[in-house]
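Hi,

Here is the structure I said I would pass on. Have a look, and then read my notes below.

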Amino acid sequence: MNIFLIGFRGTGKTTIGKLLAQRLDKEFIDTDEYLEQKQGKTIKDLFREGGEPLFRDIEAQTIAEVCRPDNRVIATGGGVILREENVRRLRKNGIIILLDADADTLYKRIHDNAQTQQKRPSLTSLNAYEEIEYLLAYRRPLYDRIADFVINTASLSKHDAVNKILSFLHTYVKDLRKG
Ligand code: S3P
């Protein structure tokens, strides 16, 4: 069983995913890091070369590749839900956990993160805060519609977030056995 973490930039997918993988003794993959290593380029380089469409094509290939083996915890990029083929693959190949938080929290986390410059090129011509508000409003229904479990990480420590996910998985797997 794969566990996919989805959600907006700054919701904690990588941090929580690493810890969750350790606790479950599963392999951890971050699709952004995986694709940067494979391409030998940063996400910013890919945006510079071919804009968002090139990045989304490579992201979709990456999702297809990383889903194939089972038993991983996979942190996805914030825009993974924008392509229907990704959504189908996630649904087919694992359990989907949505990490959510409010715009103020996300702005602060994104702003304070050293990797933002390289990993998070602008996606609109809006300023950073407005971009978060605008994209969150657009994407929230897309995240919600595929989530098996939602957790708000705004005021949770990474350990508390992982414990919540683990107790959900415990119940979910028991239900799966009953069904
Ligand atoms: C993106 C989020 C980024 C990365 C790329 C596009 C998005 O990943 O995939 O910059 O569209 O929200 P994180 O969610 O890990 O920051």
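First, a definition: I call it a salt bridge when a side-chain nitrogen of Lys or Arg is within 4 Å of a carboxyl oxygen of Asp or Glu. By that rule there are 14 salt bridges.

Some housekeeping. This is a predicted model, so local features need pLDDT of at least 70 and side-chain atom pairs count only at pLDDT 80 or more, while totals for chains, interfaces and linings use all residues. Residues are numbered from 1 along each chain as its sequence is written, and side-chain values use heavy atoms, with hydrogens and water left out.

Now the sheet. Helices (H or I, at least four residues) and strands (E, at least two) are DSSP runs, numbered from the N terminus, and two strands pair if DSSP finds at least two bridges between them. Five strands make an open sheet with parallel pairing, in the order β2-β3-β1-β4-β5. The edges are β2 (27–30) and β5 (149–152), each with a single partner strand, so one side of each has no neighbour in the sheet. From one strand to the next the twist averages 20 degrees. Strands β1 (residues 2–6) and β3 (residues 72–75) are joined by three bridges in the parallel sense, and Phe 4 has Ile 74 as its bridge partner in β3.

On to the helix pairs. Axes are lines fitted to C-alpha atoms (for helices, over the stretch in contact), with angles from 0 to 180 degrees between N-to-C directions. Contact means heavy atoms within 4.5 Å.

Helix α5 (residues 103–112) packs with α7 (residues 128–146) at about 130 degrees, the axes being 10 Å apart. That makes α5 oblique to α7 (under 35 degrees counts as roughly parallel, over 145 as roughly antiparallel, 65 to 115 as roughly perpendicular, the rest as oblique). Among the residues that meet are Leu 106 and Tyr 107 from α5, and Ile 132 and Leu 136 from α7.

The axes of α3 (residues 43–67) and α4 (residues 84–93) come within 10 Å and cross at roughly 15 degrees, and the two helices are therefore roughly parallel. Their contact includes Ile 63 and Cys 67 in α3 and Arg 89 and Leu 90 in α4.

Cheers
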